[in-house]
Amino acid sequence: MSCQIMEELNAQYQRSVNHNYLVLKDAGEENPSDYQSKMIAQNRIPCLLDMETRLCEGRYDLYYEVSSLQSCMRVFEYKELEWEEVRLLMQSVLAVYASLQEYLLEETHLVLHPEVIYTDLESSRMKFLFVPGYEKSFKDSFLELGEYLLEHISHKDTRAVSFGYQFYKMVRKENFVLTDMEELLLSVQNEMEEHPSPSAGYIEPINESTSTNQPSKPVQLSKPVQLSATMQSKVEKHNEAPNKKKEAQWRIGIFVLGCVLGLLIMLDMIPGINVKGAGKVVTVGLLAMNAGIFATWLLRMRPMKKLNYDQIFADLEPIEQMKLPNSSESAEDDEELETMRDVPSEIYGKTTILLDDQELVRNVLIDKSKGIEYPMEHFPFRIGKLKESVDLSLKDNSVSRLHARIIQMDEHVFLEDCNSSNGSYLNGILLQPGERAMLTKDDEIRLGRVLLVYQ
């Protein structure tokens, strides 16, 4: 394992027939007999990993039971922490410190690093590592945990953001105590229950002078976004369109009304109005003038178009294309370009198909017994039977909830066992928990009883 805490603890994973262990090598030549070691070895303490000591080559090693458990670091490596996950982690921390007080264990021996905080994916219960002889202050342990939360909380989850930043401010204070964290948990929970639909995505700036119990406020823009003059003009014209439409409707209505009145007057159909001789000539002239004015207005009218925002943004000046320095200035490059231009299009335009040893890896897993292909569209690609926690769910009781994952490093693909109960095999070779092995085309992967082929 590459994690610094694993190197600091001289720790590694080891598999036996029925159990997986986190092993801390070289605890000393004598069996630890102090109160702390005896208490943790002889009792099953809530929230702590079970420990036993074993003699190996004249020195004692510490064995911690981690079967069916997953490291929080691995679980949240590519997933952001949301409020319910943050709340569960913090409540588990409070619970483990309560256990330490009950059994009179030193809090400085507790390791609060996410790499060695373990969770059961099915029950969501967490287990912590207690190492007699390990020393880290209460404040430093919580600072490390606070920094991890800041890096991994989901900034789309208002409650997670509110708690994460207030918690970090809190643990930086000299007088920080666990009751402060407990009160903060309740405060954030109650605040969100009173306001169930707050705006997400804002962050309260860290200000040492403000109280941690003050509610956070959303960050607002100091001024609205401004459009350029050309873009503003087009938007204004578009906004005037409804007014022009109403004006056109009024003009048409007045024209139709004038024509109807004129015809009724000419036909002597309006009681009390009798126009004869020159009056009818004047009426016909007014109708003709009205028709001419209306026709002229129609010709000048253009159909209103829906605002095209592509046209608005087309007014922006295009960004200059980046140029590779000195890439086409040499004579060799010019010759190469000329050679490419001389190649016939029917040859240059074709795609070359790679065959045999040049064939590209497809990055799929094939279950040949069922004739099913599982494409791996991203990495890491997690495999297990707990549907909500994996990318490929295998319905077989020999497969662990999170059994293994496939990762990509330096253009190579690796299989990594995720502390599975029945083991991960690559071409018949059993991998240790956390061990990685590089995959090549046609490799056989066995997870429990399930056999897959990598392509």
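User: Which residue's side chain joins that of S37 in a polar contact of 2.8 Å?

Analyst: Some ground rules first: this is a predicted model, where local features need pLDDT of at least 70, side-chain atom pairs count only at pLDDT 80 or more, and totals for chains, interfaces and linings use all residues. Residues are numbered from 1 along each chain as its sequence is written, and side-chain values use heavy atoms, with hydrogens and water left out. A polar contact is a pair of N or O atoms within 3.5 Å; within protein, one must be able to donate a hydrogen and the other to accept it, and residues adjacent in sequence count only if both atoms are side-chain atoms. At 2.8 Å, the side-chain partner of S37 is D34.

User: Is S37 buried or exposed?

Analyst: S37 sits in helix α2, residues 35–42 (helices are DSSP runs of H or I with at least four residues, strands are E runs of at least two, numbered from the N terminus). Leaving out residues up to four places away in sequence, S37 touches P32, M51 and P132, where contact means heavy atoms within 4.5 Å. Buried means under 20% relative accessible area, exposed over 50%, and partly exposed in between, with a 1.4 Å probe and protein chains only. S37 has 6%, so the call is buried.

User: Why is the ring pair of F167 and F176 classed the way it is?

Analyst: Rings of Phe, Tyr and Trp (its six-membered ring) pair if their centres lie within 6.5 Å; planes under 30 degrees apart count as stacked, over 60 as edge-to-face and the rest as tilted. By that rule there are ten aromatic pairs. In this one the centres are 6.4 Å apart and the planes stand at 85 degrees, so F167 and F176 are edge-to-face.

User: Which residues do ring pairs link into a cluster?

Analyst: Start with F167 and F176, both of them buried. Ring pairs tie these two into a cluster whose members are W83, Y97, F138, F142, F163, F167 and F176.

User: The charged end of R54 sits over the ring of which residue, 4.8 Å from its centre?

Analyst: A charge sits over a ring if NZ of Lys or CZ of Arg is within 6 Å of the ring centre and within 35 degrees of the ring normal. R54 lies over the face of Y63, with 4.2 Å to the ring centre. At 4.8 Å, the ring under R54 is that of Y21.

User: In the six-strand open sheet, what is the strand order?

Analyst: Two strands pair if DSSP finds at least two bridges between them. Strand β10 (residues 364–367) and β11 run antiparallel, joined by four bridges, and L365 has Y374 in β11 as its bridge partner. The pairing in the sheet is antiparallel, and the order reads β11-β10-β20-β19-β16-β17.

User: What is the phi of D410 in the turn between β14 and β15?

Analyst: β14 pairs with strand β15 (residues 412–417) in the antiparallel sense over six bridges, with Q408 opposite V413. The two strands form a hairpin with two residues between them, and D410 in the turn has a positive phi of about 50 degrees.

User: Is N419 buried or exposed?

Analyst: N419 is in the loop between β15 and β16 (424–426). Phi there is positive, near 60 degrees, in a residue other than glycine. With 4% relative accessibility, N419 counts as buried.
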